Amino acid sequence: MRALLIGLLAVFVVILPGHPASACVEGLAWGMPLEQVDAHLGQAKPIGDRPQERFEVQDVMLDRLPVSRVTFELSQSQGLQWLAYEFAIDDMTEVLAGLRARHGPPLSTSVEEADHNDQIWVWNTGEDLITAVKRKANEEQKFLLSYRPSRLHPQTL
């Protein structure tokens, strides 16, 4: 009987239609069209050399934390593909602590170049690849948080 229930559950999971995976924050999902992303983040403006693919929204709130800029990429055929938040450097500790509490300890490294110094933290949640970067260049510091769909589920390894 137990084997039958497990078999039925496996068939149910395989046959179930796929739903878009949540992307980084509640309300967003990989594959969403521009209209739905705009409804969540606010009116986006095209930027850069790929105005049909890369967009930006300024002064967004992530829960109760201000985000100075959100940049994201959309494919016309596949919707939302990549998302990055730029936070004030003072908010870095709270963001990193939240990610660690939710996803566990990250892989981390540092990169030192002549013109900049980066601290990098990476999480692979199975659905998202999350990369946090603290960059110090000259006297300016930035803290960025980037999300994209994971191409490799950790349980595969």
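Predicted model: local features only at pLDDT ≥ 70, side-chain atom pairs only at ≥ 80, totals over all residues.
**Entry: the ring pairs**

I started with Tyr85 and Tyr147. Their ring centres sit 6.2 Å apart and their planes make 90 degrees, so I wrote this pair down as edge-to-face. Planes over 60 degrees apart count that way. Next I checked where the two residues are: Tyr85 belongs to strand 4 and Tyr147 to strand 8, and the pair links distant parts of the chain, 62 residues apart. Buried or exposed, what are Tyr85 and Tyr147? Both of them are buried.

Then I turned to Phe87 and Phe143, an aromatic pair that is tilted, with 6.0 Å centre to centre and 40 degrees between the planes. This pair also links distant parts of the chain, with Phe87 in strand 4, Phe143 in strand 8 and 56 residues apart. Phe87 has a relative accessible area of 4%, so I put it down as buried. Phe143 is at 0% relative accessibility and therefore counts as buried. The cut-off I needed here is under 20%.

Which residues do the ring pairs link into a cluster? My answer is Tyr85, Phe87, Phe143 and Tyr147.

A note for later: a pair of aromatic rings is described by the distance of the centres and the angle of the planes.

**Entry: the overall layout**

I stepped back and went through the elements. The protein has three helices and eight strands. Read from the N terminus on, they run α-α-β-β-β-β-α-β-β-β-β. The protein has 157 residues, of which 32% count as buried. I also looked at contacts between residues at least 6 apart in sequence, and 35% of these join residues at least 24 apart.

I followed some of the pairings. Strand 1 and strand 2 are antiparallel and pair over two bridges. Pro46 has Phe55 in strand 2 as its bridge partner. Strand 2 and strand 3 are antiparallel too, over eight bridges, and there Val57 has Val70 in strand 3 as its bridge partner. The hairpin of strand 2 and strand 3 has two residues between the strands, and in it Asp63 takes a positive phi near 60 degrees.

Ala137 stands opposite Glu140 in strand 8.

Last, I looked at the second largest pocket, which has a volume of about 250 Å³. It is lined by 13 residues, and the closest to its centre are Thr71, Trp82, Ala84, Glu86 and Leu144. Which strands each supply at least two residues of this lining? They are strand 2 (54–62), strand 3 (65–75), strand 4 (79–87) and strand 8 (140–149). Strand 4 gives the largest share, four residues. By class, I noted six nonpolar, two polar and five charged residues in the lining of this pocket.

Definitions and conventions: Residues numbered from 1 in each chain as written. Heavy atoms only, no water. 1 Å grid on protein atoms, 1.4 Å probe; cavity = no way out; pocket = protein on both sides within 12 Å on 5 of 7 lines; lining within 4 Å. Points joined across faces, edges and corners; volume = space filled by probe spheres on them. Nonpolar A, V, L, I, M, F, W, Y, C, P; charged D, E, K, R; others polar. Phe/Tyr/Trp six-rings, centres within 6.5 Å; stacked < 30°, edge-to-face > 60°. Buried < 20%, exposed > 50% of the residue type's maximum accessible area, 1.4 Å probe, protein only. Pairing = 2+ DSSP bridges. Contact = heavy atoms within 4.5 Å.
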